[in-house]
Amino acid sequence: MNRFYVTTPIYYVNDVPHIGHAYTTVLADVLARLHRLFGIPTWFLTGTDEHGQKVQQAARAAGIEPREQADRTVVRFQELWRKLQITHDDFIRTTEARHVRAVRAVLQDLYDRGEIYQAEYDGWYDVSSETFVTERDLDLAEGEEPIGRPNIIRVRETNYFFRMSRYQEWLVEYIESHPDFIRPDFRRNETLGFLRTRPLGDLCISRPKNRLSWGIELPFDPAYVCYVWFDALLNYITAIGYPHDPATFAKWWPASLQLIGKDILTTHTVYWPTMLKALGLPLPRTVFAHGWWLMGNTKMSKSLGNVVNPMDMIERHGVDAFRYFLISEMVLGQDASFSEEAFERRYNSDLANDLGNLVSRLATMLSRYHHGRWPAPAGAPTDGPELVVWQAAQDAVAGMERALTTYELDRAVAGAITAIRAINRYLEQRAPWNLARHAHERERLHTTLYTAGECLRVAASLLHPVMPGRIAELRRAFGLSETPAPEELRQWGVLPVHAPVQLTGPLFPRIEDRGHAQASAGTGPSESARTAPAPAAQGGLVSIEEFSKIQLRTARVVAAEPVPGTNKLLKLEIDLGSERRTIVAGIAQHYQPADLIGRTIVVVANLAPANIRGVESRGMLLAASSGSSLRLLTVDGDLPPGSPIR
Ligand code: MSP
């Protein structure tokens, strides 16, 4: 692959951006950054779809002109992309002169060549989707009326049509012979099913101005504007210079990857390829339809009031963590369910525990055993645990490189986290805290610290496209340039020997610890030593580090009831300050439910959830027992629920 041109859909300016828009754009951004990371010339286009009925209606509702509606909303998208660190190379607005001029040239060209013709249309029109629909689309018998569907109106008017029908057979063959054109496969089958079972009609590409005036005027008939989808799809080629700048156009077209949501599959895999065919242009290599972000199992919608605002997420959790969540949580192509809990789980496990802990652990060891500087290793890994862990980091590089063609970032990111876990295991195995006790182990100690650092450098750099801010910070602290260079990923010995490692605080404070971590941010390297506890001791003892993995917190019992079918278990609803949870405890023979309500107890808050008698228990309460008596642990005095116990 010698170049990468990636596009997002252009977003309607009838409403402000939400998590769905943010997802497609972050996905495109991560892929663009990833290609740049591997040294591949990249062009990344996004923008806004500013014509059409939706925008005209929104403007009318706000009592303003459509242009003003567009101008007001476009800045919301641009501001969000800035906040989300989106590195698009171009942002196209379909009201810009460069686009309007190009669309008019395309329309004239197609009209001159007989690809567009005028005809009388008499049929149904769906106002909400702005499309002409057949009785079959509406599940109506011939002659039946769509009663009770106010969106469907009868339209009798003269319009202009694009001869889409003539490309039906060609398109089926093209899709069949180009398995990469529509992905994932099940979406490809969806389009093929649609094309094989019904005759493809011609596409009405005009709207009479007396019905809709907000659009690009047809060059050959000023009484009409262009249908918004016909205008919008062309942005992918007008933005890169079609037809007036053939040199730039030839540099980037055909697109490598056009990302879309599953909702706009037909327009992108039926209308768009036939339009390109009529223009004599090659088709994009891949149109990839991703799934939807749902709230629980339901669609997000303004009327349900369950739309996630990306700005809130950024404010609460930071840009990098939000980007990481979007990419790692959605299996590409499938729907994913959004919840704060899923966010916290993912953040705490991958970022705070695996990556964050490794970073602070290593920084602490370096400051204890080598004055906070990178030691010189004996050499490149050739065998033993050093080779195993370096290989794990290199496997992650290979996985990320595979994502350049499969686009399965969620898998590639999981691969990087797997490598990070392998580094944690490597440190356990080499136990630098033991090596440090013996002068003759000095070389091995240095090799261990440097090897862990090198592997971490590689694994973290792979995450740079996903979390550019935090990883740049980490790289700076390690004495490296902020952005990894392509050749660095496979190279051994990039960390600057003897350079100081300067971390100013935990990279990813645990979500429950936010208040504490923020209060201590910026207090210098000694703070990171405090948050990165001492290495594990041996012989049945646990180190502070191991102990600190257990999160003990106070919790208030809000409700309690027996678990049906048992005489030992109680189901408790507890308040942990930041959230409520259910836990199941074997205390029914010692406490009545009513005795517990309102009491402050002590729980292990980060215990892996367990299903006990059909109830998901998320945490464990602490109790002391002697013989047959059992007493709950409580705190001496009043403390708010969720207070950490140290
Ligand atoms: N303007 C058209 C696209 C024209 S492209 C030539 C449009 N715009 S839109 O503002 O409605 O944005 C649609 C895109 O936003 C979807 O295709 C998808 O990429 C993204 N999403 C909108 N809601 C979504 C979710 N709930 N989940 C994931 N992405 C979704 O359609």
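This report walks through the ligand site and the aromatic contacts of a predicted model.

Residue numbers run from 1 along each chain as its sequence is written, and side-chain values use heavy atoms, with hydrogens and water left out. As the model is predicted, local features need pLDDT of at least 70 and side-chain atom pairs count only at pLDDT 80 or more, while totals for chains, interfaces and linings use all residues.

**The ligand site**

Let's start with the ligand. It has 22 residues around it, and Ile10, Tyr12, Thr24, Asp49 and Trp293 come nearest (a residue is near if one of its heavy atoms lies within 4 Å). By type, that shell splits into eleven nonpolar, nine polar and two charged residues; here Ala, Val, Leu, Ile, Met, Phe, Trp, Tyr, Cys and Pro count as nonpolar, Asp, Glu, Lys and Arg as charged, and the others, Gly among them, as polar. β2 (11–12), α1 (19–37), α7 (228–233) and α8 (235–238) each put at least two residues into the shell. Those labels are DSSP runs, with helices (H or I) of at least four residues and strands (E) of at least two, numbered from the N terminus.

The table lists some polar contacts, meaning pairs of N or O atoms within 3.5 Å.

| Residue and its atom | Ligand atom | Distance |
|---|---|---|
| Tyr12, backbone N or O | oxygen | 3.0 Å |
| Asp263, side-chain N or O | oxygen | 3.1 Å |
| Trp293, backbone N or O | nitrogen | 2.9 Å |

On its own the ligand has 670 Å² of accessible area, and the protein covers 94% of that (Shrake-Rupley method, 1.4 Å probe).

**Aromatic pairs**

Now for the rings. Those of Phe, Tyr and Trp (its six-membered ring) pair if their centres lie within 6.5 Å; planes under 30 degrees apart are stacked, over 60 edge-to-face, and the rest tilted. That rule gives 34 aromatic pairs. One of them is the stacked pair of Tyr117 and Phe161, at 5.8 Å centre to centre and 25 degrees between the planes. Tyr117 sits in strand β5 (residues 116–126) and Phe161 in strand β7 (residues 152–162), so this pair links parts of the chain 44 residues apart. Phe161 is buried, with a relative accessible area of 8% (buried is under 20%, exposed over 50%, partly exposed in between, using a 1.4 Å probe and protein chains only).

Trp374 and Phe478 make an edge-to-face pair, because their centres are 5.0 Å apart and their planes stand at 85 degrees. Both Trp374 and Phe478 are buried.

Trp293 turns up again here: ring pairs link it with Tyr23, Phe325, Phe338, Phe343, Tyr347 and Phe508 into a cluster.

Definitions and conventions. Polar contact = N/O pair within 3.5 Å; in protein donor to acceptor, adjacent residues only side chain to side chain.
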